[in-house]
Amino acid sequence: MIDDLYSARLLKLAANMPRLGRLPAPDASSEKISKLCGSRVVVDVSVEGDRVVDFAQDVKACALGQASAAVLGANVVGASLSEIEMARDQFRAMLKAGAEAPEGRFSDLSMLAPVKDYPARHTSTLLAFEAAAEAVRRAVERTSRAGAA
């Protein structure tokens, strides 16, 4: 069963995470920490309208959190706030209730479906998507207020 959780594909993804680091001048940032295990993700975003045009992440997490962040980093540029929030919500439902994996640009999250059997790992696995949704929401609010001024 542990082999299903830590597949070779998942471990490869975690080891080759795209968009590591921080942006020099993001429109917004968000930090999420798992109180249970100490995993931490900081996300920086730049947006145009409600779409991500640049993204960086600083990830200190287990292989599951890293794999989730890798899927996010590989696919987030060009995504809208609603796409990210929908993926986060579908991802959470997949882990907590055994729902279907997100479709579309974040469909690779399906490889994390076995995590549903490990509730203690849910929070760390969701961190990157929680941080990204919050950062993009903040960026959209900030840039839309700046445009209205």
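In this predicted model, strands β2 and β3 pair in the antiparallel sense. Nine bridges join β2 and β3. Another sets Val47 opposite Val52 of β3. The two strands form a hairpin, with two residues between them. Gly49 lies in the turn and has a positive phi of about 65°.

β1 and β2, the latter spanning residues 40–48, run antiparallel over six bridges. Ser29 has Asp44 of β2 as its bridge partner. Ala28 is partnered by Val45 of β2. β1 and β2 form a hairpin as well, here with six residues between the strands. In this hairpin, Gly38 takes a positive phi near 85°.

Taken together, the three strands make an open sheet in the order β1-β2-β3, with antiparallel pairing. β1 (28–33) and β3 (51–60) stand at the edges. Each has a single partner strand, so one side of each is left without a neighbour in the sheet. Neighbouring strands are turned against each other by 15° on average, direction ignored. In general, strands of a sheet pair through backbone hydrogen bonds, either parallel or antiparallel.

Seven of its nine residues are buried, so β2 is largely enclosed by the rest of the structure.

Val59 belongs to strand β3. Its relative accessibility is 11%, and Val59 therefore counts as buried, the cut-off being under 20%. Sequence neighbours within four places aside, Val59 is in contact with Met17, Arg40, Val41, Gln66 and Ala69. Of these partners, Arg40 and Val41 fall within β2, which covers residues 40–48. Gln66 and Ala69 fall within helix α3, residues 63–75. Val59 and Ala128 are 69 residues apart along the chain, yet their C-alpha atoms are separated by 8.1 Å.

Helix packing comes next. Helix α2 (residues 8–15) and helix α3 (residues 63–75) have axes that come within 8 Å. The axes cross at roughly 70°. That makes α2 roughly perpendicular to α3, since angles of 65 to 115 degrees fall in this class. On the α2 side, the contact is made by Leu10, Leu11, Leu13 and Ala14. On the α3 side, Ala63, Leu64, Gln66, Ala67, Ala70 and Val71 take part. The residues of this contact divide into nine nonpolar, one polar and no charged.

α3 itself has 13 residues. The helix reaches 18 Å from its first C-alpha to its last, close to the 18 Å expected at 1.5 Å a residue. Its buried residues are Leu64, Gly65, Ala67, Ser68, Ala69, Ala70, Val71, Leu72 and Gly73. Among them, Leu64, Ala67, Ala70 and Val71 also take part in the contact with α2. Ala69, another buried residue of α3, is in contact with Val59.

Two loop residues complete the account. Arg19 sits in the loop between α2 and β1. Arg19 has a positive phi of about 65°, although it is not a glycine. Most residues other than glycine have a negative phi. At 35% relative accessibility, Arg19 counts as partly exposed.

Ser80 is found in the loop between α3 and α4 (81–97). Ser80 is buried, with a relative accessible area of 3%. Neighbours within four places in sequence aside, Ser80 is in contact with Asp50 and Arg51. Arg51 falls within β3, which covers residues 51–60. Ser80 and Ala128 are 48 residues apart in sequence and 16 Å apart in space, C-alpha to C-alpha.

Methods:
Residues are numbered from 1 along each chain as its sequence is written. This is a predicted model: local features need pLDDT of at least 70, side-chain atom pairs count only at pLDDT 80 or more; totals for chains, interfaces and linings use all residues. Side-chain values use heavy atoms; hydrogens and water are left out. Two strands pair if DSSP finds at least two bridges between them. Helices (H or I, at least four residues) and strands (E, at least two) are DSSP runs, numbered from the N terminus. Axes are lines fitted to C-alpha atoms, for helices over the stretch in contact, and angles run from 0 to 180 degrees between N-to-C directions. Angles under 35 degrees count as roughly parallel, over 145 as roughly antiparallel, 65 to 115 as roughly perpendicular and the rest as oblique. Contact means heavy atoms within 4.5 Å. Ala, Val, Leu, Ile, Met, Phe, Trp, Tyr, Cys and Pro count as nonpolar, Asp, Glu, Lys and Arg as charged, and the others, Gly among them, as polar. The expected span of a helix is 1.5 Å times one less than its number of residues. Buried means under 20% relative accessible area, exposed over 50%, partly exposed in between (1.4 Å probe, protein chains only).
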